Amino acid sequence: MKKHLFSPDSLFTDMLRLRAICSFSWRVLRFRPFGCEPLISQMDKCTNEEQLFDLIEENKAIISEEEVGCAFNILWQFQKQKTGLLKSVEYIRNHPQFLTLYHLTTNKMEFMNDDNLVNVLYQIQQFAVESHDPLVEALVTEAWRRLERFDMNVLAKFSTCLADQHLHFSPLMGKIADIVSRNLETIQDLRSLSVLMVSISSLTSQRFQEQLVKKTELLFDTIDSSQVNIARRIVQFLRNIKYSYYPLLERCNKVFLSNVNDLDLDFISKIFSLYHSLQFHNFEFILITKKRLTEMIPLFDQPATFVKLFVVLGPVAGPEEKKQLESTILLMSEELTSQQALAVIGAMEEMESRNLRLIKNYLKVSVKTSEISILVCAISKLPSPHLDEVGISRIEAILPQCDLNDLNSFATSVLRWIHYGHVYPDNTTGKQLKLLQKLDHYGHQRLQKYNNLNSLCEELKSLKGDWFSESLLEETVATLQRLVDEINYTNVAGIAYFISRTNYLNTLLLDKIASVVLQQIEKIHPFAIFAIILPFSTLNYDPPQRDEFFGTCIQHLNSYLSLLDPLRIVFLGFFLATLEYFPEDLLKTIFNIKFLSRLDSQLEILYSTLNRKVQFRLMELNRAVCLECPEYQIPWFHDRFCQQLYNKDIGSLNGAQQQIYKMLAEVLGGTNCVKASVLTPYYHPIDFECILDKRKKPLPYGSHNITSGKLPEMHWESNTQIVGSRLPPGAERIALEFLDLRAFCRNIPHLKGKSAMKKRHLEILGYRVIQIPHLEWNSMALSTKNARMDYLRERIFGDGKS
């Protein structure tokens with residue numbers, strides 16, 4: 001039987017299809033006539049939000065999931081072009097058609113592609129929709145469901161969304177970290193990787209961090225030199241993991257320098273903050289951005305922006321710029337919020353400036369530890385400071401959450417108050433002493449609980465001051481000894497730098513540092529050598545395998561000398577000189593016109609105290625090289641500097657020195673046989689000088705035509721020693737040096753590096769050096785004048801040994 005072409009069933013089915021087609025065609029004809037421009041194209045041509053919202057209202061019945069994403073994207077592009085962002089965002093978020101988009105997103109999210117889904121989530125968050133909003137939660141859940149299939153670009157943006165919600169430690173962020181770890185070898189896009197690195201940094205192990213750093217280095221050359229945001233995120237990642245990895249920092253710094261004219265205040269401020277946290281100092285970046293920031297001073301008249309400029313420019317500004325900044329901020333002082341005032345006060349500390357009109361007391365309304373610490377420190381420096389009961393109670397309330405830096409800051413301020421209490425008596429001194437006891441208690445308690453060396457290192461970075469040295473230093477060293485096996489190439493520089501600031505000689509720790517360096521030198525960045533050498537120089541300690549240790553350090557650093565800031569190179573040269581180590585390449589780098597010109601440029605932006613310190617270290621290095629390495633033929637060029645430095649100091653004696661001077665005059669046979677406050681050739685100051693003939697009889701100065709207070713002429717002799725005026729045959733010149741506690745290590749009577757170097761230099765200059773330690777001079781055995789006189793006779797006329 002022949003089958004009919006149209007059966008009843010097939011006819012009914014076709015009718016339904018026709019009806020659906022006609023219905024769809026009718027809607028298209030009604031809303032989108034033939035030839036009508038696609039909705040996305042119409043959205044792209046909108047010039048403001050109202051035009052876009054009109055389109056949404058007209059087409060809300062037919063908007064697709066793709067068009068929803070396009071609408072959100074265009075809205076956000078409009079916002080990024082505006083100032084007064086917060087007000088504009090609030091207006092958009094409350095618009096009826098934004099609510100339309102909100103509901104459309106709710107209904108269509110499961111049909112959105114991955115990129116569209118995450119983009120919508122990101123843009124909704126930019127419009128300040130709360131993280132606990134049902135739509136945000138639903139979008140996050142949908143994204144979590146698709147997580148494994150996301151490409152790296154989408155995954156990176158999603159991680160940013162989670163970070164904006166403060167979900168850095170969430171299981172979802174942990175899952176993202178796991179995906180990155182599993183796919184790290186195949187990732188080729190540094191932009192996406194840098195975003196992910198910042199987002200997951202809180203969840204990375206040390207091994208994973210090293211893998212990420214290595215991968216970043218491999219991909220760095222694939223990015224354009226204008227990609228400042230990628231470089232910024234890399235630096236931010238290093239800051240987040242507390243890893244000052246110089247090779248990457250240097251490469252990122254070059255990107256910033258090549259684009260400095262395009263960097264705005266916010267960007268420069270962020271980089272300064274990151275560099276400060278990483279203790280990364282680049283002279284060229286400071287110099288160039290200083291010029292850029294100075295040009296911005298007239299551009300900002302609002303407190304929020306000018307405070308940011310003040311904070312970043314103030315510490316590196318010259319005298320004129322500082323006056324301009326301070327006068328402008330003073331005019332704004334009444335408009336500053338408490339946060340802005342705190343930022344200004346913090347910057348003024350670095351500027352060595354204290355304009356009292358800019359300091360307000362927000363102590364009673366502050367709740368954050370950092371805020372209270374800054375305020376307490378500022379108040380303690382006022383002319384007649386006092387801390388009332390409310391202030392003391394505010395400090396006591398936050399002590400359990402304070403780290404060592406906070407405790408140290410509070411203790412320093414309290415000690416300052418107690419000191420001022422003698423000048424400005426009040427009734428709070430007893431309470432301040434009790435507060436100091438509580439600070440001691442919490443400091444010891446915190447140290448005893450440490451079981452991770454890296455965490456401890458982070459808190460020890462900037463600890464200093466009398467309270468820490470007197471109350472916590474012993475406990476800190478004991479904790480470091482307990483964790484000594486955790487010292488490795490990642491933290492060895494930090495530990496070394498801390499030890500150098502304590503003046504505490506612990507051979508176990510220093511030997512461990514030297515051992516780690518010799519075993520892991522290839523993993524240690526050359527710039528870290530500066531901090532590693534410092535404690536050995538300061539404390540005058542030679543580790544086992546001394547020559548191998550210092551030789552390895554210098555060899556590792558040599559190829560990087562041209563990249564180091566001039567300031568650091570000068571300090572490095574001086575530190576090595578105290579150790580009797582004079583690498584020729586380093587010295588040739590320092591003592592040439594080009595280097596010294598660079599140094600002069602850097603000195604211009606340093607605050608006065610550091611400026612003078614650098615100049616003094618350069619002089620000391622110049623002196624050491626001239627005296628100990630004459631074969632290098634490096635000229636002495638610090639006469640004028642030394643004359644200005646010592647002109648007002650030489651010749652005046654304090655009470656104790658006058659007493660000693662009289663005793664020496666008695667011992668030597670008269671005041672004409674002893675000189676006080678002497679300057680040697682090359683300007684080493686010594687306390688007292690005398691001359692003995694070959695029979696150890698004191699010689700009066702008048703008989704040798706030597707005028708007190710004037711420098712004797714210097715003569716080069718064949719044995720390369722430099723001497724003053726010539727002495728009779730067999731006579732000897734004696735230098736007597738009284739050494740106070742600063743000349744010795746804190747815990748044992750071991751001579752520190754500078755004092756040991758001075759003794760060497762005086763001997764080269766022809767002196768027999770007698771160093772008298774304060775512990776001996778002030779001991780019970782020398783408690784009478786006669787005992788001290790006998791002591792001096794023995795040291796001067798005894799066996800001739802110092």
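Strands β1 (residues 675-679) and β2 run antiparallel and are joined by four bridges. This is a predicted model, and that pair belongs to an open sheet of four strands in the order β1-β2-β5-β6, with mixed pairing.

**The β1-β2 hairpin**
- Five residues sit between the two strands of this hairpin, and Tyr682 takes a positive phi near 70° there.
- Leu679 has Pro685 of β2 standing opposite.

**β2 and its other partner**
- On to β2 (residues 685-692): this strand is mostly covered, with seven of its eight residues buried.
- β2 also runs antiparallel to β5 (residues 732-739), and here five bridges do the joining.
- Two of the facing pairs can be named: Cys690 stands opposite Ile734 in β5, while Phe688 has Leu736 in β5 as its bridge partner.

**The sheet as a whole**
- Take the strand order again, β1-β2-β5-β6: β1 and β6 (767-773) are at the edges with a single partner strand each, so each has one side left without a neighbour in the sheet.
- Ignoring direction, neighbouring strands of this sheet are turned by 40° against each other on average.

**Helices α33 and α36**
- α33 (residues 608-628) packs against α36 (residues 753-764) at an angle of about 40°, and their axes are 10 Å apart.
- That angle makes α33 oblique to α36, and the crossing is left-handed.
- From α33, the contact uses Phe616, Arg617, Glu620, Arg623, Ala624, Leu627 and Glu628; from α36, it uses Lys754, Met757, Arg760, His761 and Ile764.
- Sorted by type, the residues of this contact are five nonpolar, one polar and six charged.

**Leu509**
- Leu509 has its place in helix α27 (residues 507-520).
- With a relative accessible area of 2%, Leu509 counts as buried because the cut-off for that is under 20%.
- If you leave aside the neighbours within four places in sequence, Leu509 is in contact with Val477, Leu480, Gln481, Val484, Ile487 and Ile499.

Note on methods: Residues are numbered from 1 along each chain as its sequence is written. This is a predicted model: local features need pLDDT of at least 70, side-chain atom pairs count only at pLDDT 80 or more; totals for chains, interfaces and linings use all residues. Side-chain values use heavy atoms; hydrogens and water are left out. Axes are lines fitted to C-alpha atoms, for helices over the stretch in contact, and angles run from 0 to 180 degrees between N-to-C directions. Angles under 35 degrees count as roughly parallel, over 145 as roughly antiparallel, 65 to 115 as roughly perpendicular and the rest as oblique. A crossing is left-handed if the near helix is turned anticlockwise from the far one by less than a right angle, and right-handed if clockwise. Contact means heavy atoms within 4.5 Å. Ala, Val, Leu, Ile, Met, Phe, Trp, Tyr, Cys and Pro count as nonpolar, Asp, Glu, Lys and Arg as charged, and the others, Gly among them, as polar. Buried means under 20% relative accessible area, exposed over 50%, partly exposed in between (1.4 Å probe, protein chains only). Two strands pair if DSSP finds at least two bridges between them.
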